[in-house]
Amino acid sequence: MSATAHLAPALALTLALAACGSSPEDDELRVPELGPVPEVPTFADDPLTPAKLELGRALYFDVRLSGSGKTNCDSCHIHTTNLQDNLPLSTPDRSFPADSPTVTRNTPSFLNMVYAPVTRWDGSHTDLVEVLAFPFAEPNMNTALLPVGDPTNDVPAAQQALVQKLTQTIPGYVARFQDAFGVDIASATLVETWRLTGRALRAFLTLAVSRDAPFDRWNAGDDSAMDAAAVRGLALFRGKGRCIACHSGPLFTDFAYHNLSTSPPRADGTRADEGRFLVTGQEADRGAFLTPTLRQVFDTSPYFHDGAKFGLRDTIRHLASDAVTADPNHDPLFATPLELSDDEITDLIAFLRALRGAPVSLDPPAPGSLP
């Protein structure tokens, strides 16, 4: 099944037109293949309403929905740091248990998540509604609060615990869901309420869109929006650096999987993280991970699936060195070394800085606004 199979048709079409430069405005762009972020997607079966957005806001920030009552979505996808936490590996709930386990991969930013046809580093989710509800089943965040040391993602148990919290522990949510979706979650199925929770969170994340970057203004004809270093960096990005081979389209990602030797095989042939292979079982996918978006990348350190690189310079140096081919399964794109000089890397970073969008404000709720 294709990566976009579970997308609402309107969203799939929006991304396709934006990536292909099919809108009339793209004819006026200097680099049509790197067009601006499209309008917020509309979902044919789930129109955006203020009630859904506000319900999603409450669910995002309400610590009472976690097992410990002390963590929420904002614990990892922090609204003040571009909806991620600048840590290599997050510890969502530092109170559960005392030595609370970290997650196994770097937390990506939620910025522009509403456009993504696939999510997570291994592309294990193609349904944004499901991926937004899923943390309620994970050990650090789960509504059921699994026993210490139990890493199981028990979705049915989490669904039951979540519904209990939404209907009994915090009954004010019943009216909120009724206003947003016209559904009485007190009598709905566990799965239905689970998906309504994901839909509300998706509505809230329509606010988390990074656009109107200096590059976008330069691309539309404003010479003053980018300095000379950034313009040189763009030329490298599209040419010698070969960055555009993977970081393409309005979101600067091909939503595909590449092995950059970030999880090479050990002496016994195993890897610290098998990446996409865990989803497909295909040998060619061992050590491959989803291409991240580069919008706002200047502010979303650290980088790679395990957060191993803290700076853009070190990240690019990895790609421009023998390290990128350490894994025998490395992407063929790097069969020929990049051979970038320090000055060229500096110019690339200047361009990546120009991908910082206008400030995004989620306007978190005051405690009194929660049910």
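1. Let's start with the packing of α2 on α5. Helix α2 (residues 50-61) and helix α5 (residues 172-181) pack at about 145 degrees, and their axes are 8 Å apart. Axes here are lines fitted to C-alpha atoms, for helices over the stretch in contact, and angles run from 0 to 180 degrees between N-to-C directions. Helices (H or I, at least four residues) and strands (E, at least two) are DSSP runs, numbered from the N terminus. The crossing of α2 with α5 is left-handed; the term applies if the near helix is turned anticlockwise from the far one by less than a right angle, and right-handed if clockwise.

2. A word on what you are looking at: this is a predicted model, in which local features need pLDDT of at least 70 and side-chain atom pairs count only at pLDDT 80 or more, while totals for chains, interfaces and linings use all residues. Residues are numbered from 1 along each chain as its sequence is written, and side-chain values use heavy atoms, with hydrogens and water left out.

3. Which residues make the contact between α2 and α5? On α2 they are A51, K52, E54, L55, A58 and L59, and on α5 they are Y173, R176, F177, D179, A180 and F181. Contact means heavy atoms within 4.5 Å. By class, this contact has 8 nonpolar, no polar and 4 charged residues. Ala, Val, Leu, Ile, Met, Phe, Trp, Tyr, Cys and Pro count as nonpolar, Asp, Glu, Lys and Arg as charged, and the others, Gly among them, as polar.

4. Now α2 by itself. The helix has 12 residues and reaches 17 Å from its first C-alpha to its last, close to the 16 Å expected at 1.5 Å a residue; the expected span is 1.5 Å times one less than the number of residues. Helix α2 is mostly covered, with 9 of its 12 residues buried. Buried means under 20% relative accessible area, exposed over 50%, partly exposed in between (1.4 Å probe, protein chains only). K52, R57 and Y60 are among the buried residues of α2, and the buried set packs against α4 (155-169), α5 and α6 (190-205).

5. Helix α6 brings us to W194, which is found there. Is W194 buried or exposed? W194 is buried, with a relative accessible area of 2%. Leaving aside neighbours within four places in sequence, its contacts include E130, F134, F136, V155 and L162.

6. Another tryptophan worth a look is W218, in helix α7 (residues 214-219). W218 is buried, with a relative accessible area of 12%. Not counting residues up to four places away in sequence, W218 touches R30, V31, D223, A225, M226, V231 and L234.

7. Next, α10 and α11. The axes of α10 (residues 312-319) and α11 (residues 342-353) come within 10 Å and cross at roughly 125 degrees. That makes α10 oblique to α11 (under 35 degrees counts as roughly parallel, over 145 as roughly antiparallel, 65 to 115 as roughly perpendicular and the rest as oblique). Their crossing is right-handed. The contact has 6 nonpolar, 1 polar and 3 charged residues.

8. Finally, the whole chain. There are 11 helices and 2 strands, and 51% of the 371 residues count as buried.
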